[in-house]
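Subject: Handing over a structure

Dear colleague,

Here is the structure that I would like to pass on to you.

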Amino acid sequence: MADTDRLPYLDRSLPEAWKALNALALKVSAAAEAAGLERETVELMNVRISQLNGCSFCLDLHTRQATEAGATLQKLAQLPAWRDSTLFDSVECAVLDVAEATTTLPDPHVRGEALTAARSLLGDETFAAVEWAAVTMNAFNRVSILSEHPVRIR
């Protein structure tokens with residue numbers, strides 16, 4: 001497909017909306033940090049959400065950011081099977097549960113159980129920050145997928 005045949009990048013077609021999404025991401029990141037969430041945990045969540053959504057651009061970006069934040073390659077490799085892995089602590093499991101519930105939106109009963117358990121472990125402030133971080137990551141995935149952002153070889 002020629003460049004002229006492809007749809008315009010969503011982030012470039014309405015720059016003010018893109019700036020607003022980035023501003024939201026900064027607020028959510030600050031809230032996560034204020035709630036005591038480790039950057040590595042947030043990036044593991046971002047990678048997991050990007051896996052579920054099939055966003056290659058965000059997978060590339062957040063896998064790099066996760067390793068920069070301290071995530072090991074072993075932990076990243078185990079991420080799709082985190083429920084069966086012993087590598088993830090209780091906070092990471094709760095965050096990943098929120099990430100999956102927010103991304104896949106299972107039936108309300110299943111979603112409610114997962115979110116209630118995570119909220120009990122994380123507390124209200126951290127739980128809210130995680131939910132907002134998951135919602136924001138899902139939005140970025142959709143922008144990148146719809147824009148067909150390419151992953152460049154490094």
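Predicted model: local features only at pLDDT ≥ 70, side-chain atom pairs only at ≥ 80, totals over all residues.

**Helix H4 and what follows**

Residues are numbered from 1 along each chain as its sequence is written, and side-chain values use heavy atoms, with hydrogens and water left out.

Helices and strands here are DSSP runs, numbered from the N terminus, with at least four residues (H or I) for a helix and at least two (E) for a strand. H4 covers residues 56-68, and its end C-alpha atoms are 18 Å apart, which agrees with the 18 Å that its 13 residues should span at 1.5 Å a residue; the expected span is 1.5 Å times one less than the number of residues. Cys-58, Asp-60, His-62 and Ala-66 are the buried residues mentioned for H4, where buried means under 20% relative accessible area, exposed over 50%, and partly exposed in between, with a 1.4 Å probe and protein chains only. The cover over these buried residues includes H3, H5 and H8.

**The chain as a whole**

The protein chain holds eight helices and zero strands, so that its pattern along the sequence reads α-α-α-α-α-α-α-α. Its radius of gyration is 16 Å, close to the 15 Å that the globule rule gives for 154 residues, so the chain is as compact as a globular protein of that length; the radius is taken over C-alpha atoms, and the rule is 2.2 Å times the number of residues to the power 0.38. The C-alpha trace spans about 50 × 30 × 30 Å along its principal axes, and 40% of the 154 residues count as buried. Of the contacts (heavy atoms within 4.5 Å) between residues at least 6 apart in sequence, 71% join residues at least 24 apart.

**Helix H6**

Helix H6, residues 90-104, has 15 residues and reaches 21 Å from its first C-alpha to its last, close to the 21 Å expected at 1.5 Å a residue. Because 11 of its 15 residues are buried, H6 is largely enclosed by the rest of the structure. Among those buried residues are Glu-92, Val-95, Leu-96, Asp-97, Val-98 and Glu-100, and the buried residues of H6 pack against helices H3 (39-53), H5 (73-78), H7 (108-122) and H8 (124-147). At the N-terminal end, Asp-89 caps H6 with a side-chain oxygen that lies 3.1 Å from the backbone nitrogen of Val-91. After H6 comes Leu-105, with a positive phi near 45°.

**Nonpolar cores**

A nonpolar core is a set of buried Ala, Val, Leu, Ile, Met, Phe, Trp, Tyr and Cys residues joined through side-chain atoms within 4.5 Å. The largest has 26 residues, and those with the most contacts inside it are Met-45, Leu-122 and Val-130. Helices H2 (15-34), H3, H6, H7 and H8 each give two or more residues to this core, and its largest share, eight residues, comes from H8. Another core of nine residues lies apart from it and includes Val-47, Leu-76, Leu-79 and Leu-96.

Ser-50 is found in helix H3 and is buried, with a relative accessible area of 0%. Leaving aside neighbours within four places in sequence, Ser-50 is in contact with Cys-55, Cys-58, Leu-59, Met-137 and Asn-141.

A salt bridge is counted when a side-chain nitrogen of Lys or Arg is within 4 Å of a carboxyl oxygen of Asp or Glu, and by this rule there are 10. In one of them Glu-43 pairs with Arg-39, with the closest N and O atoms 2.3 Å apart; Glu-43 counts as buried at 1% relative accessibility, whereas Arg-39 counts as partly exposed at 40%. Salt bridges that share partners also join Arg-48, Arg-83, Asp-97 and Glu-100 into one network. Elsewhere, Glu-16 forms a salt bridge with Lys-19, the closest N and O atoms being 3.4 Å apart, and both residues lie in helix H2, three residues apart, about one turn of the helix.

With best wishes

Key. Polar contact = N/O pair within 3.5 Å; in protein donor to acceptor, adjacent residues only side chain to side chain.
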